[in-house]
Number of protein chains: 2
Amino acid sequence: MLNAISLEEAQKIIKENIVPIQKTEILKIKDFVKFNVLTDRVLATDVIAGIDVPSFDKATMDGYAVKFEDTQKATPENHINLNLSASIFAGNNEKFKIKNRECIYITTGSVLPDNADAVVMVEHTKRDGDKIKIFKPVRLLENIGKKGEDIKKNIVVLKKGEILTPGKIGVLAAIGIKEIDVYSIPRVAIFGTGNEIVNVGKNLTHGKIYDVNSWTIACIVKKAGCIPVMLKIAGDKEEILQKRLDEALQCDVAIISGGSSVGEKDLLSKVLESNGKILFHGVNIKPGKPTLFGDVNGKLIFGMPGNPTSCLMNAYVFLLPALRKMTHLPFERKMVKAKMSEKFVSNSDRHLFITVKLENGYVKAVYKTSGAITSMSSADGFIEIPTDKKMIEKDEEVDVNLFEI
Amino acid sequence: MLNAISLEEAQKIIKENIVPIQKTEILKIKDFVKFNVLTDRVLATDVIAGIDVPSFDKATMDGYAVKFEDTQKATPENHINLNLSASIFAGNNEKFKIKNRECIYITTGSVLPDNADAVVMVEHTKRDGDKIKIFKPVRLLENIGKKGEDIKKNIVVLKKGEILTPGKIGVLAAIGIKEIDVYSIPRVAIFGTGNEIVNVGKNLTHGKIYDVNSWTIACIVKKAGCIPVMLKIAGDKEEILQKRLDEALQCDVAIISGGSSVGEKDLLSKVLESNGKILFHGVNIKPGKPTLFGDVNGKLIFGMPGNPTSCLMNAYVFLLPALRKMTHLPFERKMVKAKMSEKFVSNSDRHLFITVKLENGYVKAVYKTSGAITSMSSADGFIEIPTDKKMIEKDEEVDVNLFEI
């Protein structure tokens, strides 16, 4: 029998042992938006602005660049006239200058001419050949964006540890950063054990079942923002299990499904103990009791139960938060409240995870058995029933943990 | 001047015109978990189970396969004895059979021998050579998983339109599906216009700014589950804009930033009108008034404002829900409630989107100008102030739309 620890102890041990990845890599901003580069990368370094943004005083409206003092007497009834001396369009890099009583037509984003200190919006003017009628005074710096107003040169614009959201990618682009240092994405080795499991695509002979867990785990790994590395099924031979473990240790963390129960053929704990140490084996939860967590030369190993529902449920409960921590990303489960559609009685002394479906504010348990993948596929989320709670009444409000994050 | 419509009208027009993508593709399940294949793919067809899962009656516990009637008189004090005739391990495809008063050792997941109709858990037995002492009776079918109990052959296990969550991928694996029909991922053409913008990596000469919008839009496109296709900056020449538009029309939808304002150089609406039709140009919102939405030969075109904050804010407001609809995926904005840290007075007749930062349950406006990308990068989300609301009091509770979904 397993010496099962509590859910809270298991979570504590995982939390204490999982360390955010320290490897970093250089990513080009143009690679960043590629389809095959994960979003939500995390900065491994502070970013210092090499330029002012904008790098010049600019017009923020289409209109006429003026000396603001020249416009002070303008009213709708008594306009003032200014002489139009030039036109500036955005992207034009010529130098312009205005004199007293002069103005220059300017479009949004253009460089403000020398001596100009405001822009009159085109809506408050009327053109008459080279004379521009101004019908409204402007304030000093009105409709002007000052050099460095958005980002000042030499300041730290983004800090190590920040997640590169679309807005922050925009900051990198604005200061013309070509490449940046980000934390690497953890590579997660995944393989199944057991003579009964067969890879999808192969023929299913009598007594065999398809490997479900490697695929569901891989999906969770991707959702966590990590790279799944699929290894071959290990079967039940010690030397093959050892070989597969050695391959898995090339990755940052390894997830092995099956082989952590207590049957005669369960070699995983034996192999792990001879390579490293087992941090826990057995958690007082249902489904998913025979979950194992170990450390081999500093690499962490999750031994997930072989039953598909136990395995995937535990992947949501233990693996997802652990992998998010490895990626430096936050983890928050999406929760909703709902009412029980029928009374539920627990006859277990374990902490229960019951898969449920949401319908019109009610939850309905859809849990069949720990071996049934449809217990998971037909569910929207799960409710938890701690060991000290034995019953949920019909219509009682419960917290539903949604699977999709 | 733009003939601006209301936010609600703009959203309605987009919703009416955006159609979920109809193209489909075949995806191999082993490609599905690859790093560069997006998660959350949507089934384009019903999936029918080709096999029963499990495809045989199996043991769900380690123990002894028996005829349940043979165990009925067993008690902890008065055990019964059965003769051990064989051992079956999971994955073994030999045929076994038990006779009366016989039992077979069996591990979880193994094929139940013929004539057996229950499994006694190993914990309720004791082995003595070839005699097995049974200390507890079992019920008919106890610790047995019946053939087809999880999934019955020939039923529809997954329906067209369902999102392939980890649990549903598990179902595909369980029935040994090698490849499936899913909706294609929309390809989204992205380019910026304007002589003033320069691509990241190039040298920034006087009067120029780096292209920010193409990168922030690309991040939103990826977050929506679509493929960004980056095109070259179009500059301000009509023939280049036309060429770029022709390239963009090879994709499923096009996002163009800049060039939709009303300055002399704003050619986008002109070019779009000569190619197709403009569905709206100008929305009564701030920032982001000069947003444009058009249709060229059935391909939809978003013309986003050139100002980085206006552009990215509109990408969250209009683009993200539209692209999610194209991908057949649901869209829900993550909302939290918080209190205003200071009084806010609107002097605008437009619907305002104010970027805010969350701190200890309070929100603080961080909006600088529509040209400042830092208005977005330093914000956690935004609050909305409809046209008929002119003030938010200090400590008033507001709904905050979080940027991260």
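Where is the place of Asn143(A)? Asn143(A) sits in the loop between S9 and S10 of chain A. Before going further, a word on the ground rules: this is a predicted model, in which local features need pLDDT of at least 70, side-chain atom pairs count only at pLDDT 80 or more, and totals for chains, interfaces and linings use all residues. Residues are numbered from 1 along each chain as its sequence is written, while chains are lettered from A and ligands numbered from 1 in the order in which they are written.

Leu141(A) is found in the loop between strand S9 (131–134) and strand S10 (144–145) of chain A. Helices (H or I, at least four residues) and strands (E, at least two) are DSSP runs, numbered from the N terminus.

| Item | Angle |
|---|---|
| Leu141(A), not glycine | positive phi, near 70° |
| Asn143(A), not glycine | positive phi, near 60° |
| Val53(A) to Pro54(A), cis | omega near -10° |
| Lys286(B) to Pro287(B), cis | omega near 0° |

Burial is judged by counting other C-beta atoms, placed from the backbone, within 10 Å of a residue's own: 20 or more is buried, 12 or fewer is exposed, and in between is partly exposed. Asn143(A) has 22 such neighbours and counts as buried, whereas Leu141(A), with 14, is partly exposed. As for the prolines, Pro54(A) lies in the loop between strand S2 (47–48) and strand S3 (58–59) of chain A, and Pro287(B) in the loop between strand S19 (285–286) and S20 of chain B.

**A mostly covered strand**

Next comes strand S26 (residues 381–385) of chain A, where four of the five residues are buried. Two strands pair if DSSP finds at least two bridges between them. Strand S24 (residues 351–359) of chain A runs antiparallel to S26(A), joined by five bridges, and Phe353(A) has Glu384(A) as its bridge partner. S26(A) also pairs with strand S28 (residues 397–402) of chain A, again antiparallel, over two bridges. There, Phe382(A) is partnered by Asn401(A).

**A helix with two sides**

In helix H6 (residues 268–275) of chain B, the buried residues are Leu268(B), Ser269(B), Val271(B) and Leu272(B). They line one face of the helix, because seen down the axis of H6(B) they fall within an arc of 160°, taken from the directions from the helix axis to the C-beta atoms. Lys270(B) and Ser274(B), on the other side of H6(B), are exposed. The buried residues of H6(B) pack against helix H5 (238–248) and several strands of chain B, including strand S17 (253–257) and strand S20 (292–296).

**How the two chains meet**

The same surface serves both copies, since 100% of the contact residues of chain A recur in chain B.

Residues are in contact if their C-beta atoms, placed from the backbone, lie within 7 Å. In total, 77 residues of chain A are in contact with 78 residues of chain B. H3(A) gives the most to the side of chain A that touches chain B, with eight residues.

Methods: Two residues are in contact if their C-beta atoms, placed from the backbone, lie within 7 Å.
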